[in-house]
Amino acid sequence: MRKVFFTIMIVSLLLATFQLKGQQNELPNREDRIYTLSYIWKELDYNFAFPETLKEVNIDSLYRVYLPKIESVETNYEYYRTLSEFMANFKEAHTRIYTDNRPDAAISLNAINFGDTVVIDNVPEYIVDKIPLKSQIIKINDIPVLQYIQDSVAPYISAGTAQWKFDKSVIELFYGKPLSIVKITLKTPEGEEREIEMTRDFDYNKKEEVMVKNAVPPIEIQILDGNIGYIKLSSFIYPHINTINEVFINFLPQLKECKGLIIDLRGNRGGTDQAWGNIANHLLVQKEYSIPGNWYSKIHVPSFRMWGMNYPNFKDFYEGTAMREINHQPLQNTVEDSLKLTQPLIVISGQHVASAAEDFLVLMKESGRATILGSSSVGCIGEPIFLPLPGDYSVMLCAKNM
């Protein structure tokens, strides 16, 4: 096997640009950092929908461990990583740190995994001859890739299942300290081993990159051979609601004539249930419906907590584990019967299907409307709340579970 060494230095970044970004996203001062961790600790204890997890990780002890870490960080990058690591202890994908301006950076490559095999999924056109699509990633910085993920990526990933923790770690594989060098050892589809060095500056120059694969639209509809309607739903984020509805309605006359329907959710990491509501209304004959399942949120009654010291019936209030079932009003379906799609339906699940996409998946499965094919989804069904923090940060906490 020939071994070829390529060094790719992407140096389009100007120092002034980097300094400007730093000014826009500065490290909060010591008082704000302590307040942030303390506020997150308080809100987790009060609102987190998995109180047994708080007991398992011993949230009070965990807070005391991370307090000196938060005090001593010297850069915004370290601060973001430390907060992310703290949140990852709660093992819930809707419970994490969020910022519009991440203080870390990546390289201009995307990776995806098939089982525990990690491969290149997208690459800029100008280096595709050196980094072919589907090349297997063998090492990162001379460390076997699975070991690198375990040690350097997974500790910062919030996830409720081992499967999603690994999948999300692959998505985040190339993130690190801005302007640092990452060395990648890969094997091309032809079996040639190569070593590549790239600079983590993609967040600054990505608008200039022309990738081999184009961005995927939130919805694509095709009529396949045999007159089968194929609907690919790639994203349910809020800004895509109008696009999804417009494309779906435009294709509705053609879909009504199809013998069968396929909805492909693979890769859809969710967003909002509003994005799929109109599609569901056309698929379901019921005049009203609910997402199946029993939903619960924490409940606090200070007097009950005091009584719980002596009365077993109130012990859960004393221990902070009391939950209340949340009864949602059914969703109203006003679509006329003449516009319904009643053909046999297959929904394809799989890797990265999460959150609002899982809500749709569960609805189609439990209502009996669709046959579900494919692999397991992420396992991230719940309702998060977003709480603002000092600086350009917020915290997402899962406040309702099923």
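A: Apart from neighbours within four places in sequence, leucine 37 is in contact (heavy atoms within 4.5 Å) with Tyr63, Tyr66, Leu67, Ile70, Leu83 and Phe86. The model is predicted: local features need pLDDT of at least 70, side-chain atom pairs count only at pLDDT 80 or more, and totals for chains, interfaces and linings use all residues. Residues are numbered from 1 along each chain as its sequence is written, and side-chain values use heavy atoms, with hydrogens and water left out.

Leucine 37 belongs to helix α2 (residues 30-47); helices here are DSSP runs of H or I with at least four residues, strands are runs of E with at least two, and both are numbered from the N terminus.

Consider next the pair formed by helix α4 (residues 59-72) and helix α5 (residues 76-88), whose axes come within 10 Å and cross at roughly 175 degrees. Axes are lines fitted to C-alpha atoms, for helices over the stretch in contact, and angles run from 0 to 180 degrees between N-to-C directions. The two helices are therefore roughly antiparallel to each other (over 145 degrees; under 35 is roughly parallel, 65 to 115 roughly perpendicular, and the rest oblique). In this pairing, Leu62, Tyr63, Tyr66, Lys69 and Ile70 of α4 meet Tyr79, Thr82, Leu83, Glu85 and Phe86 of α5. By class, this contact has seven nonpolar, one polar and two charged residues, where Ala, Val, Leu, Ile, Met, Phe, Trp, Tyr, Cys and Pro count as nonpolar, Asp, Glu, Lys and Arg as charged, and the others, Gly among them, as polar.

There is also a sheet to consider. Three strands form an open sheet in the order β2-β19-β18, with antiparallel pairing; two strands pair if DSSP finds at least two bridges between them. β2 (96-98) and β18 (383-389) stand at the edges with a single partner strand each, so one side of each lacks a neighbour in the sheet. From one strand to the next, the twist averages 35 degrees. Helix α2 lies across β2, β18 and β19, running at about 155 degrees to β18. Helix α5 packs on the sheet as well, touching β2 and β19, and its direction makes about 10 degrees with that of β19.
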